[in-house]
Amino acid sequence: MKKENIKRIEHPDRILSYFQTEKHMLLLISSAGILFNAGKIAGPVFEGKMAQCLLDILQGRAAFPDMLRLVLLYLLAILAVQASRMVKRFATRHFSNDIGRSMRSALYNSLVHMSERELEQESLGSLMTKAVSDVDACAEGMRKFTTEIFDTGVILFIYLIVLLRYDIRLTLLSCIFPPFAYLLASRLKVIVTGSSAAYKKSAGVLNNATLDRVGNALTYRVYGREGNRDAAYEQHLSDYEHKAVAANIWESSMQPLYNVIAMCGAVMILFFGSRNVLGYGWTAWNIGAFTTYLSCFTNLSTKASKAAKLFNAVQKASVSWKRVRPLMKAPAADESALMRTPVEAAALKAENLCVSWPSADPAKETHTILRDISFTVRPGEILGVTGSVACGKSSLGKALIGEADWSGSVTLIRNNDSPEESGIPLQNLTAAERSSFLSYMGHEPELLSTTIAENIQLGKEGDIEPYLAAVCLDEEVRQMPDGKETPVGNGGVRLSGGQQARAALARTLYHGRSVLILDDPFSAVDRTTEERILKNLRLLAADRAVILISHRLYQFPAFDHVLFLENGTGTFSSHRELMEKNPAYAQLYREQTEGRQMPI
């Protein structure tokens, strides 16, 4: 689907916005719907005329050509009605498809722009249910609502007018019963919405269980826990089946009861209508009038009972809408052109930077991880960031890319900035603008289940060979069955840990911007390979500022600067000065280089 074919919704969290976007299609639905439903009244009218004509033929007051003429007119009326119905159905389905596509587009834009913390609050199974099942339910509810405005609302009004013209008192008496079907449907609102919500929740749990069972199949097999996991999955599946039946039974199984209630008025018509035909009722009728009246009432009752079912269906759709509405946010402005601009050389300067995460203590909103961090890294320089386990190294990298809360001052200073300019404050940039200056490689490789080439290019055409060579992955890729077109499997499962890390590093270098933030890029490679990659990194990033986060200190003596994190703060200096003045750093370095402690 081309992007320009997807209609932009200004307020995706408002149902009315989707109707407004489809106003032209709604106009077509309205026109065809009115013609279709107005034409449907021709059926009962012609049926009554033909019944009367047949009686007249038997009594010698009419001839066969009279019946033939009525039949031909009846067929023409049916043809016109069905043509209108075809147009209305096509337009309604088109409307439903467009609504579903617009909702998925809004949901997609919302999800891809959510922070890591926001995504963690939503389980993957729940997101899958919302993206597929809930969006479908919303679009289907809107389709049914739009259709029934004409299939039920318009035709009920037309049938009621016709019935009133034949006999006002009998119409008022016989139409007492259909409203009771609506009343029953409204009484079931709590049950319908409750069962639907339980079903959606169970579907999310089942999706999570499915992903867990498939994604961790090897782990369960190795530890002999397959039977335990299978039993747990069967429980989730059984719960889902029960909840699905409960949700559907209240929506679908009540239809016969709605029909019976709405059709109770037919008893009144058979009794009082027969008196009209016999000549001592409220109105004088012939057989044709009686047939037309009974046919109109039957159609009216059928439509009324379906409207009661529609009421339950809309209630069910409203549950899905409540689930997806918080995620339906206005799409972010398209700033992809920023990523196509030439890379500018820029320094990154931080002053009194504080990094925090949401606090587990209800009395506190955030928990400070780092405070008073200051450093500067210029184009062509490498800043090594290290410290003990859980000292906040990764949190610092995530703060710079906007995935963790921070305060203080972080500034991008471009080479072409004048001396009077203080640079660009990082907090003033949008997410897309920030990405146009910063490249990031995190702890996890986050590889796609596609080829090596596609994992590195991500749709950006270019030669990846220099980057494979830079991370010492070129020879290994050439020995693979399909070379760089070799699929890596789900999450890179077909590659070793070291190959995954190097493929992720190659991707970061391929898309490298002004500042490269690399979080533990060498954790899964040997020391010799690490030295070769660092040498290549120096060449590839000669005009870039590099922030290299690592717990391995072998290469730190060659770095331009070192930021040592300790006790919630940091010391920015050179390796030599830290070795002389910071005992904790010196001890950590000696333990690794002298082999007394393996790096964690």
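Me: Leaving aside its neighbours within four places in sequence, which residues is T529 in contact with?
Reply: In this predicted model, T529 is found in helix α21. Setting aside neighbours within four places in sequence, the residues in contact with T529 are C472 and R502.

Me: Does T529 count as buried or exposed?
Reply: Buried means under 20% relative accessible area. The relative accessibility of T529 is 13%, so T529 falls under that cut-off and counts as buried.

Me: Which element gives the most to the largest nonpolar core?
Reply: Happy to walk through this one. The largest nonpolar core has 41 residues, and L505, L537, V546 and L548 are those with the most contacts inside it. Elements that each supply at least two residues of this core include α20 (497–510), α21 (527–540) and β8 (545–549). With six residues, the element that gives the most to this core is α20.

Me: What accessible area do F64, L68, L72, L75 and I78 have together?
Reply: These five names form a nonpolar patch on the surface. One of them, L75, lies in helix α4 (residues 64–112) and is partly exposed, with a relative accessible area of 49%. Together the patch residues have an accessible area of about 480 Å².

Me: Why are R69 and D66 separated by about one helical turn?
Reply: R69 forms a salt bridge with D66, with 3.1 Å between the closest N and O atoms. Both count as partly exposed, R69 at 48% relative accessibility and D66 at 27%. They are separated by about one helical turn because they are three residues apart in helix α4.

Me: How many residues apart in sequence are the parts that R478 and E465 tie together?
Reply: R478 forms a salt bridge with E465, and their closest N and O atoms are 3.9 Å apart. R478 lies in helix α19 (residues 474–478) and E465 in helix α18, so the parts tied together are 13 residues apart in sequence.

Me: Which residues are linked with R478 in a network of salt bridges?
Reply: R478 counts as partly exposed, at 49% relative accessibility, and E465 also counts as partly exposed, at 29%. The network of salt bridges links R478 with E465, D474 and E475.

Me: What percentage of the 600 residues in the chain do buried residues make up?
Reply: There are 23 helices and ten strands in the chain. The chain exposes about 30800 Å², and carbon and sulfur atoms supply 58% of that area. Of the 600 residues, the buried ones make up 45%.

Terms used: Residues numbered from 1 in each chain as written. Predicted model: local features only at pLDDT ≥ 70, side-chain atom pairs only at ≥ 80, totals over all residues. Heavy atoms only, no water. Core = buried A, V, L, I, M, F, W, Y, C linked by side-chain atoms within 4.5 Å. Buried < 20%, exposed > 50% of the residue type's maximum accessible area, 1.4 Å probe, protein only. Helix = DSSP H or I, 4+ residues; strand = E, 2+ residues; numbered from the N terminus. Patch = residues over 30% accessible without salt bridge, like charges linked within 9 Å, V, L, I, M, F, W, Y side chains within 5 Å. Areas by Shrake-Rupley, 256 points an atom, 1.4 Å probe, with all protein chains shown as cover. Salt bridge = Lys/Arg side-chain N within 4 Å of Asp/Glu carboxyl O. Contact = heavy atoms within 4.5 Å.
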